[in-house]
Amino acid sequence: MAGLATLTGDKKDEAGLKSNFDVDYVIHYKLPASGAKAETAEAEAAFVQLIQALADVGFATEVRNGGKSSLLVFTKIASDKLLNSQVYRYRVQDWLYGVRTAAPNQDLSKYFEDEPVTEAERLRLAYLLITKPKNEGGAGITPKVGQWQHVASIFPLHDHAFNRQWIKQWSTKYYLNDDDINQIRDRFGEKVAFYFAFLQSYFAFLLFPAAFGFAAWLVLGQFSWFYAVVNCLWSVIFFEHWKMKEVDLAVRWGVRGVSKIQHPRPQFQFEREAQDPVTGEIIKVYSPFKRLVRQLLQVPFAVACITILGSLILGCFSIEIFINEVYDGPFKQYLAFVPTIILSIFMPTFSTLLTKLAERLTDMENYETMDSHQASFVQKIFVLNFITSYLGIILTAFVYVPFGQVLVPYLDFFKVTAQKFTAEGTALPTKNWEINPDRLTKQIIYFTVTAQVVNFATEVIVPNVKRKVTKTVEKVAEKNGNGPAIKDVPEEHSFLKRVRDEAELDQYDVTVDYREMVIQFGYLSLFSVIWPLTACSFLVNNWVEARSDAMKITTSCQRPIPWRADSIGPWLNSLGFLSWFGSVTSAAIIFLFKDKTGPAGNPWDISAWALLLSILLAEHVYLVVQIVVRGVIHKLDSPGLQKERAQRFAMRKQLLEQTFGRDVSDESHGPGLSGGEKITRAALEEEARMESIKGGWSLEQQFWQRQRGAGETIQIGRGMISEISASNQTKASKK
């Protein structure tokens, strides 16, 4: 199976892991499981169109049995000439959009020797050639859409030799360096590399809050205003540093500004065609006003998320308080799991439904490009995750603690309900309610420690166990004669077995990993003042996370398409928001818990104006500090920016040399004292003769011919200075 065995080097499958048979992409083509003649005929016709479309754009193809009523179509670019032409075309496009500082050399043989094609670049351009619309020179194949509904996926094959070396190398290193990130970029593209670069930069920055948090936990304790100030300052510095860091990486990787080159979205539906006022080309247009109206649906979507998920969390929150802090009857230790069971059942269900709704709303907004579509979807997903991740802690800190004495009596609803299930005349056993001072800390510890471990298990361990069980069941069914019989050429059997396994894997979505890290940063920025050891937990977790994500890519997912990127995209805005919001929540928590226990459920003990003033002051101080930090960081230089300036200087120098000759410095100066035109009698007589032939000088020409050269200008000017000085002295003596 395409799992841990591929990394440990299973002898039985060793031959299938050595080579990818020069395959660029595999197209997993699903056939109708029913076997109905009409559906089979339709799938067959679509298959013929698929192969023809690939051949028309220059792909060589081979087809093999994929098992489970499917085919595997292997593709590769048929000629190096086609590949080189595609690479050159896209590099010229990069130059025109300002991504590259210099135009590619027209001597292709020398050019590709100096700057060879990387594996990631080859795979990216091959994928574009497969999926681009036909009117743009591609095959126009879009998986699961329209006539290509039988195309389940298009994926490149893993390089298992590299994967094995990658995991082995990372498992023995404590700290990842730039070479490790560059290695990812060369194999999986800049989009994945930016994630690992962000994760590594975040990990390095966690060293300070982990050490300071540990010291604060020992010396200052919880709810320290000094810790809160330092933590907010750290979040500002990290955010501004990363903004600078991603620019530096984009320049070093040669992708700065690549987001300007956006890929069209196949699902885009245009209303009309019009002429672009800038380029004069015919473009497809969709009304921006209609899109704006549909974008406004994000407001009711956010309200729906808050209502549905908030009601669920609030309900379970209330049940938990009643069972753990009010109820004192039998089976209490078992009933305490009821809120967790309810959340475990309904939270994933509602989150999935709301995620599908977010996808539907984003589709309705009908964006032209993939990047704009993804950015809009990420905004909606961030709202969902903000509610599910932080609402429980917010309820405890800002509702349970300050308003407990007022709200807990309303929990008698649960008492009345439970009373109906007790024996008649028997009172439900309860106890006097008191605020649990450790509740908030326990919640933070759960989300920052326990939840991280659970997430690791569900992300890495569970999928591998699930696939292993599924594979075992399939082997048993095959031995019993219930599975499909596939006859492979012996030389290809190990290779095809591995490809069939990879075809069944999930597609890797870097958005999921970004979401985990951004939400984790939110816990640190918003609530670590409650438990200063938060950064220590995240430091350990993220060391494991980098390696588990690498393991996930190599064993649990198909090899990602090596897309380019010049930043972490819309997640940068989410980081900025959480960094700012952390100043607000930290100030509010410090004010409410300044005596370490909080207002003990009595809201009348809270000075509302002082609380509001604390929040406003913290926010304004944050904004001022952010401006200062941004100014300081922008003054710092970086290798990437130095490289960009050097490239632009070399380009300007080369352009000047090509335009004015080899020694530009001697020919580009003006008519100075030594470089001006030398005036001789012969030159004056020759110019006078030429002008007499032309019919005399104009007034403009006469004006510029009265002084010939800088030397004569100096001489006449000095004479004028002497005359004016003498005149001024005469006037002064007369007075």
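Ala193 is buried in this predicted model, because its relative accessible area is 0%, below the 20% under which a residue counts as buried. The residue belongs to helix α9, which covers residues 190-205. The points below begin with its surroundings and then turn to other residues, a pair of helices, the annotated segments and the chain in general.

**Surroundings of Ala193**
- Beyond the residues up to four places away in sequence, Ala193 touches Ile181, Ile184, Arg185 and Trp253.

- Val99 is located in the loop that joins α4 (80-96) and α5 (108-114).
- Val99 has a relative accessibility of 10% and therefore counts as buried, the limit being under 20%.
- Apart from neighbours within four places in sequence, the contacts of Val99 are Asp94, Gly254, Val255, Arg256, Gly257, Val258 and Ile261.
- Val99 and Gly254 are 155 residues apart along the chain, yet 6.8 Å separates their C-alpha atoms.
- His150 is likewise a loop residue, placed between α6 (119-131) and β4 (151-155).
- With a relative accessible area of 13%, His150 is buried.
- Setting aside neighbours within four places in sequence, His150 is in contact with His28, Tyr29, Lys30, Pro32, Glu42, Ala43 and Ala46.

**Phe47 in helix α3**
- Phe47 is part of helix α3, which spans residues 37-56.
- Residues up to four places away in sequence aside, Phe47 touches Tyr29, Val63, Leu71 and Val73.
- Tyr29 is 18 residues from Phe47 along the chain, with a C-alpha separation of 8.1 Å.
- Tyr29 is also among the contacts of His150.

**Packing of helices α22 and α23**
- Helix α22 (residues 571-592) packs with helix α23 (residues 608-635) at an angle of about 145°, and their axes are 9 Å apart.
- The crossing in which α22 passes α23 is right-handed.
- On the α22 side, the contact is made by Gly576, Ser579, Trp580, Ser583, Val584, Ala587, Ala588 and Phe591.
- On the α23 side, the residues are Ala610, Leu611, Ser614, Ile615, Ala618, Glu619, Tyr622 and Leu623.
- The residues of this contact comprise eleven nonpolar, four polar and one charged.

**Annotated transmembrane regions**
- An unreviewed UniProt entry assigns the feature "transmembrane region" to residues 192-219, 225-242, 299-322, 334-354, 382-403, 521-544, 571-594 and 606-625.
- In the model, residues 299-322 are 100% helix and 0% strand, and 33 Å lies between the end C-alpha atoms of the span.
- Residues 382-403 are 100% helix and 0% strand, with the end C-alpha atoms 28 Å apart.

**The chain in general**
- The secondary structure of the protein chain consists of 28 helices and six strands.
- Of the 735 residues in the protein chain, 42% are buried.
- Among contacts between residues at least 6 apart in sequence, 78% join residues at least 24 apart.
- The protein chain exposes about 40,100 Å², of which carbon and sulfur atoms supply 61%.

Technical notes:
Residues numbered from 1 in each chain as written. Predicted model: local features only at pLDDT ≥ 70, side-chain atom pairs only at ≥ 80, totals over all residues. Heavy atoms only, no water. Axes fitted to C-alpha atoms, helices over the stretch in contact; angles between N-to-C directions. Helix = DSSP H or I, 4+ residues; strand = E, 2+ residues; numbered from the N terminus. Left-handed = near helix turned anticlockwise from the far one by under 90°. Contact = heavy atoms within 4.5 Å. Nonpolar A, V, L, I, M, F, W, Y, C, P; charged D, E, K, R; others polar. Buried < 20%, exposed > 50% of the residue type's maximum accessible area, 1.4 Å probe, protein only. Areas by Shrake-Rupley, 256 points an atom, 1.4 Å probe, with all protein chains shown as cover. UniProt positions renumbered as here; feature names shortened; annotations may be inferred.
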